[in-house]
Amino acid sequence: MIPGAFAYHRPKSVKEAVALLADLGEDARPLSGGHSLIPMMKLRLATPEHLIDLAGIGELKGIHADGGDIVIGAMTTQHELIGSDLLTAKIPLLREASLLIADPQVRYVGTLGGNVANGDPGNDMPAIMMCLGAIYQVTGKKGQKRLAARDFYKSAYVTALEPSDILTAIRIPVPPAGHGSAYEKLKRKVGDYATAAAAVVLTMSGGKVATCSIGLTNVADTPLWADAAAKILVGSSLDAVTVKKAVAAAEAITSPASDGRGPIKYRTKMAGVMLARALARAKSRAA
Ligand SMILES: Cc1cc2nc3c(=O)[nH]c(=O)nc-3n(C[C@H](O)[C@H](O)[C@H](O)COP(=O)(O)OP(=O)(O)OC[C@H]3O[C@@H](n4cnc5c(N)ncnc54)[C@H](O)[C@@H]3O)c2cc1C
């Protein structure tokens with residue numbers, strides 16, 4: 001289908017983009033890679049009258065270390081995440097998960113900022129950002145603010161962003177050296193969104209879990225941070241009995257839709273299976 005008519009704007013700075021969004025109000029939407037927004041417009045599920053293309057804003061690009069954090073510009077593509085030596089060394093979870101998103105054509109254009117700002121529970125990066133304790137740096141008409149990924153997602157396609165807000169960067173605390181991580185994603189075919197997926201970051205000490213964080217994708221109308229499940233695992237050796245308890249706790253907070261990816265019970269169980277696999281793999285990678 002052909003999208004409805006819209007005006008196209010290409011600001012050169014974040015300040016200019018925010019001013020446009022503030023002036024044009026709810027009829028305007030930021031455009032990053034367009035690989036979620038344009039399909040929605042073609043289906044007439046989104047009908048913005050103004051698109052504010054962020055592609056001409058250089059300050060939104062790049063990946064750099066800042067103290068104990070890594071800061072990733074919102075317009076950094078998924079392909080650039082995969083190619084970053086800094087990320088591969090410090091937060092290998094991001095490369096692993098990016099390789100499971102869509103296909104190379106989508107990843108060349110789709111951005112990290114668009115993926116996390118979109119609010120689609122099927123997007124992979126939001127649960128990973130919750131797992132990692134990421135902070136979203138945002139600029140809007142009232143100035144700059146920082147929003148925790150864990151508080152950002154309100155319901156499907158509803159986030160803490162206000163209409164004039166632009167997500168400028170994603171700030172991620174580097175997990176401790178020797179941590180283990182994994183992203184396990186069940187999908188019907190290559191390039192598909194998750195039927196269920198689980199992200200794990202953990203540290204081990206003396207054969208026991210010292211710290212653990214878990215994120216779940218596409219098993220509720222928002223991404224999920226499974227904190228209670230992670231707490232069950234701390235102090236354990238990831239023995240079968242404790243993993244089973246943690247899996248049950250994680251499954252208990254899911255509420256997936258019954259759709260083409262399967263009925264509710266199946267998708268709930270698959271969230272548990274993905275979590276158990278991610279825990280085992282993360283442990284095998286931890287020093
Ligand atoms: C065939 C196909 C398969 C896909 N499979 C997957 C998959 O398996 N997993 C997955 O995670 N994704 C998948 N995607 C989605 C893809 O990763 C998108 O690129 C991504 O979700 C959105 O990024 P974008 O840069 O394209 O954002 P856009 O489509 O440009 O924007 C998405 C939304 O976020 C808003 N937005 C964008 N940038 C900002 C910003 N800086 N500040 C504030 N708001 C902003 C827009 O206004 C819009 O509402 C798939 C897409 C396609 C076409």
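I began with Tyr 193, where an N or O atom in the side chain lies 3.0 Å from a nitrogen atom of the ligand. I count this as a polar contact, meaning a pair of N or O atoms within 3.5 Å.

A note before going on: this is a predicted model, where local features need pLDDT of at least 70, side-chain atom pairs count only at pLDDT 80 or more, and totals for chains, interfaces and linings use all residues. Residues are numbered from 1 along each chain as its sequence is written, and side-chain values use heavy atoms, with hydrogens and water left out.

At Thr 111, a side-chain N or O atom is 2.6 Å from a ligand oxygen. At Leu 37, a backbone N or O atom is 2.7 Å from a ligand oxygen.

How much of the ligand does the protein bury? I found 91% of the 980 Å² that the ligand exposes when taken alone (Shrake-Rupley method, 1.4 Å probe).

Then I listed the neighbours. I found 30 residues around the ligand, with Pro 30, Ser 32, Leu 37, Thr 111 and Asp 124 the closest (a heavy atom within 4 Å). By class, this shell has twelve nonpolar, 13 polar and five charged residues; Gly counts as polar here.

Where does the ligand sit? Its space is the largest pocket, with more than half of the ligand's atoms within 2 Å of the grid points. I noted that a pocket is an open set on a 1 Å grid over the protein atoms alone, where a 1.4 Å probe fits and protein lies on both sides within 12 Å along at least five of seven lines; lining residues have an atom within 4 Å of a point.

I wrote down a volume of about 1,300 Å³ for the largest pocket. Its lining has 49 residues, and Arg 29, Ser 36, Gly 114, Ala 117 and Asn 118 are the closest to the centre.

Note on methods. Polar contact = N/O pair within 3.5 Å; in protein donor to acceptor, adjacent residues only side chain to side chain. Points joined across faces, edges and corners; volume = space filled by probe spheres on them.
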